[in-house]
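Me: I'd like to learn how to read helix packing in a model like this one. Can you walk me through it?

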Amino acid sequence: MSELPLHGIRVLDLSWIIAGPTATRFMAAMGAEVIKVGSARRPDPSTRGPAFQAYNQSKLYASLNISTTEGLALVKQLLVVSDVVIENFAAGVIERLGLGYEVVSAVRPDIIMVASSGTGHSGPHKDYVAYGSLLQHYTGWNSISGYPGREPVTGGLWADPWVGMELAMVTAAALNNRALTGQGQYVDFSMAEALSATIPEAVLDYQMNGRVKEPLGNRDDWYAPHGVYHCVGADRWVAIAVTNDAEWVSLCQLIHRPDLAADPMYADAAGRHEHRDHLDAAITAWTIQHEDHEAMQLLQRAGVPSGPSQDILRVFNEPQLREAGYFTELQTSDGELRDLPGLPWRLEGGPGPYLTEAPVLGQHNAYVYQELLGLPETEVDRMIEDQIIY
Amino acid sequence: MLDVGQGISGPYCAKILAQMGAEVIKVEPPEGDAARHMGPFPGDDPHPEKSGLFLALNANKYGVTLDLASPGGAEAFRKLAASADIIIENPPPVSLADLGLGYDALQNINPGLILASITPFGNRGPYKDFKATDLVLYHMSGHAHGLLGAVEDPDSDPPIRAGGHQAELVGGMAAATAAMMALYRKRITGEGARIDISSFEAMVTQLISGLANSAYGRPAPPRDLSKVEEAAIGGMVGAIGGILPCSDGYVAISPREDAQWERWLLVMDSPAWATDDRYSTRDARQKNSPSLWKLLSEWSINRSKHEISRMGQEQRVPCFPVNTVLDLLSDEHLAHREFFVEIEHPAAGTLKYPGAAYRFSGTELPLAARPAPLLGEHNMSILKNLV
């Protein structure tokens, strides 16, 4: 592959906060020209912190107040030269702004419009206001996560990033369709459904067995041993998952417990599952003598799936990511050089991802309005003055 | 598309392509995909044609069995590969390269082939040969710390993974995203691609906001509740939101902005304590969240989760009932959107499966085109006709 896959595609990005910007970050890093449009009148809430630097890598950023008549006209001019437009406002907002699919597709008939909202754009609860963390509760996703018998978990940044990647996938699917048929499409995306689609085991368990699945902590329905085990140091743990009998025998040898490997009571997963508390104690007696990364090295050498339970700062410093070239040093808007994240895939023998620092609002106004739309500089200056390009 | 994957990540990638309309042929070893032995099963009785996980991941695909280590099996595979647009694999146990069927060999017979390989850590870095499962990836990537959030005693409450197999699904979604983009390029230029996907990096990429905080020298959010000063993004602690006990379960609320909080007070009929300095600003609510949540809980406990979420949404306050899968299957909104799709399977019977999160204008997705294949179901119809 000589060019990045989305080379030549232009994306008009009306999205904000996390999910939409995550999607367009994937597209930008894979070669699309992403023009993020925002306004100082109603700033993207994610501009508040460093997160913005990650969510908006590789994009162009133009300022535009689309609630003005002239601003709306400029959006339409941008639509004419765009392949994709993406938005993630609450359902109905984009229509009230005068940018519903009927309007958008009249301006550019083969455009792909991707619209993501909490509960989708049809149905009795389409107007429900949502945050990703709430949708994790609404969709049953959190109902199978947590410690058994306790209150539901409330943490976890999951819904938005997951939806972000899925939106990028869906957009690429629509681009494929356009390449074949020449036609654009409107895509109605529901964040809630994206989450409910990821728990098929629980949905089918209920239908098969009448059972409302309870959370299991770190344990598994079938495999054992399966959990995190205390290592040297406060709040240090190594995760170990034994998925077959051979791994079990290797683990017993490593922790100097050949008696457990020889005991027929633990010879299969069902027996180990039944006696998991006892086995967990035996494993902890070994792990507590080791640092978590050291335990992983020893376990992996023995062929046992394992790894430390890490906080985000340790992930940032993870040798695996460093040596695999996951980070790229970029100059953030404060002038400092910082290591920022990349993509989870590599195009072998092809170009690397396009990764640049996140822009600041209005940084690319000249390119977007003068070069791309061909407006005279005096006209742009007037619209800045009138708080349209704002 | 050929799905040589086993277990979860590879087959999930192929499932996505199948529900987008691709003709997906699942190539299983003669003994079957490992997922056939993963639950749930009817009556908790393992049966290779009745695994709920396998059925969900492999609906809408055709299925053949091939022993790729045998000359005949490899030859049949090369014939299938010659006309494939995309092949997905997620070794171990099956690595096409180890079988002499890697990218270089297949590219000779199909120059425009897209080969996507998912492994736990990718083909690079010190852990490239390490084994990992969903549990391991969830913990290593930082998600387990975030999901549980802060606790009173970190040494007795270790971090936990999410239910299901989220880390493996993320690896599969990353592969589908990259493959779909590569397929677009192929349609424009005819070029193929070899894509290497790391499930670990896919999980890490879900937390780029946290990585950005680290890049700015910020500490990781503490796991010790007594050390929490500000609520983390996405988490629901204190002023950001949380769950309230109800007469029939829980409701999740998040009146995090001042305007939302004002409207939430209307939902509660403007309680007298609302004007107290301890609760009048977001910072104050964060500082005094234990006593605040006690007051909120005293109000919520006598009302149902649906009643509270309806009252909240009427005031445009983000709030939702805390649901189980049972609630989902009877949810009127999901029913109206026909989210669940019913598929009849010859061994497992008729079941409702979660559908897709997206609807394309003018195109109906083939979400219930056929049930997951029986082992070797299409050997006759597909393998017999190979030329």
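Me: Is the crossing of α1(A) and α7(A) left-handed or right-handed?

Reply: Keep in mind that this is a predicted model. The crossing of those two helices, α1(A) and α7(A), is right-handed.

Me: What describes two packed helices?

Reply: In general, you quote the angle between their axes and the distance between the axes. Here, helix α1 (residues 19–29) of chain A and helix α7 (residues 159–181) of chain A have axes that come within 7 Å and cross at roughly 50 degrees. That makes α1(A) and α7(A) oblique to each other.

Me: Which residues in α1(A) and α7(A) meet?

Reply: On the α1(A) side you'll find A:Ala19, A:Gly20, A:Thr22, A:Ala23, A:Phe26 and A:Met27. Their partners in α7(A) include A:Pro161, A:Val163, A:Met165, A:Leu167 and A:Ala168.

Me: Now chain B: how many residues of helix α1 (residues 9–19) are buried?

Reply: To count as buried, a residue needs 20 or more other C-beta atoms within 10 Å of its own. In α1 of chain B, 11 of the 11 residues pass, so this helix is largely enclosed by the rest of the structure. Among them are B:Tyr12, B:Lys15 and B:Gln19. After α1(B) comes B:Gly21, with a positive phi near 110 degrees.

Me: And what does the secondary structure of chain A come to?

Reply: Chain A has 18 helices and 12 strands. Of its 390 residues, 55% count as buried.

Technical notes. Residues are numbered from 1 along each chain as its sequence is written. Chains are lettered from A and ligands numbered from 1 in the order in which they are written. This is a predicted model: local features need pLDDT of at least 70, side-chain atom pairs count only at pLDDT 80 or more; totals for chains, interfaces and linings use all residues. Axes are lines fitted to C-alpha atoms, for helices over the stretch in contact, and angles run from 0 to 180 degrees between N-to-C directions. Helices (H or I, at least four residues) and strands (E, at least two) are DSSP runs, numbered from the N terminus. Angles under 35 degrees count as roughly parallel, over 145 as roughly antiparallel, 65 to 115 as roughly perpendicular and the rest as oblique. A crossing is left-handed if the near helix is turned anticlockwise from the far one by less than a right angle, and right-handed if clockwise. Two residues are in contact if their C-beta atoms, placed from the backbone, lie within 7 Å. A residue is buried if 20 or more other C-beta atoms lie within 10 Å of its own, exposed if 12 or fewer, and partly exposed in between; C-beta atoms are placed from the backbone.
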